[in-house]
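Q: I would like to learn how to read a few features from a set of coordinates. Can we work through an example together?

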Amino acid sequence: MRRDGRGRGVSVAAATALVCALGLSAVPETAYAAPGEPGPAPGPGGGADGGATGGQSLEEVHQEVDGLYRKAESATDAYNLAREKQARQEKAILKIARAVVKAQKEMAGLRKRAGAMARAQYRGGGMPAEARLFLNGDPGEFLDGVTLARKGEKATHGLIGRLERTQVALDRYADSASLEWERLDRSRAKKAAAKKEILRKLARAQRLESRLAKDERERLRQLEEDKARGAQAKWLDTGILRELGSGATAMGGRAVDFARAQLGKNYVWGAVGPDTYDCSGLTQRAWSAAGRAIPRTSQEQWRLLPKVSTKAMRPGDLIIYFRDASHVGMYVGSGAMIHAPRPGRQVTVAGAGSMPILGVVRPDAR
């Protein structure tokens, strides 16, 4: 049993049983405001006259709201991915800057040595060492001079070679830095565009829901639950439960325990805890708590993590939903999963088949 500060208890076993029996657990409603947006104001009276829905049926409102939240979730993945790329590119630029400083220091030292060699030659009257060597009449000094001349020539060639290589490295660093800055600008632009799209979709969905009267909002919620319950029942009718695994690995069990401890926390786009989550933020943090680092977004989790058959999934595996891999939940056994559904909802237990399944990935696959 888990209880939060509001005195509300959450029984995982009971919730799971309810999911299996009915296909979907009910979740309490919480008003959601997009960042920088005011919360939803009470809408005017609506109902049968259609005033609150602008002539749309509740089914049409449900379809539009659901579509807006799905598109916002897909844009959230794009935002998170662009943010990750921006962070990597900033680190790359910093690494290049440090390499440039090191190369510049080396170049300064090499130039100092080259200057010393030039001054030494000047003090010798500007005559090359080889010429001075052949003008020497002492045979012993001549032989010693040959050895010294060879060493000097080798040192000169080595210095020139290092100067050339260092300059090439500096030129390469300059080119790399320019390229990374261009990539960084593109990532920033993509992130800004994705954020704008997210806020626009969320605000539109929020306005639609805020126009509904209280009884209409309740009926809208019922439509959502009925749709999910029907999808779950259809999925269970395939006999899938007879084939699913029931045992989690030690690491998968820790991930499931973490996800269960988050039940009741609000969905907020882009959030990775500890107080709020989006769908992939929850699964990433759960597996991080279990000791395994996984990608940040549901699309990257689908692309990069090992895939397993849906029939072979076990607790701790991640279920990727929709054709664009825009949603993810964690399978917890008995046909149920835990996920962060959408803005205005909380982390909850739901039917694993309540949404179209794209596939399943296993973070701790060997």
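Q: How many residues lie between β4 and β5 in their hairpin?
A: This is a predicted model. In the hairpin of β4 and β5, five residues separate the strands, and in the turn Phe 322 has a positive phi of about 70°. The strands run antiparallel and are joined by four bridges. Tyr 321 has His 327 in β5 as its bridge partner.

Q: Which strand do three bridges join to β5?
A: That is β6, residues 336-339, which runs antiparallel to β5. Tyr 331 is bridged to Met 337 in β6. The hairpin of β5 and β6 has two residues between the strands, and Ser 334 takes a positive phi near 55°.

Q: Is β5 mostly covered or uncovered?
A: β5 spans residues 327-333 and is mostly covered, with seven of its seven residues buried.

Q: What should I look for in a helix such as α5, and which of its residues are buried?
A: An α-helix has 3.6 residues a turn, so residues three or four places apart point the same way. In α5, the buried residues include Glu 216, Leu 220, Glu 224, Ala 228, Gln 232 and Leu 236. Arg 221, Glu 225 and Trp 235 are also buried.

Q: What span does α5 reach from its first C-alpha to its last?
A: With 23 residues, 214-236, α5 reaches 33 Å, close to the 33 Å expected at 1.5 Å a residue.

Q: How are aromatic rings read, and how many aromatic pairs are counted here?
A: A pair of aromatic rings is described by the distance of the centres and the angle of the planes. With centres required to lie within 6.5 Å, the count is zero aromatic pairs.

Q: Which charged end sits over the ring of Trp 302?
A: The charged end of Lys 307 does, 4.4 Å from the ring centre.

Terms used. Residues numbered from 1 in each chain as written. Predicted model: local features only at pLDDT ≥ 70, side-chain atom pairs only at ≥ 80, totals over all residues. Heavy atoms only, no water. Expected span 1.5 Å × (residues − 1). Buried < 20%, exposed > 50% of the residue type's maximum accessible area, 1.4 Å probe, protein only. Phe/Tyr/Trp six-rings, centres within 6.5 Å; stacked < 30°, edge-to-face > 60°. Lys NZ or Arg CZ within 6 Å of the ring centre and 35° of its normal. Pairing = 2+ DSSP bridges.
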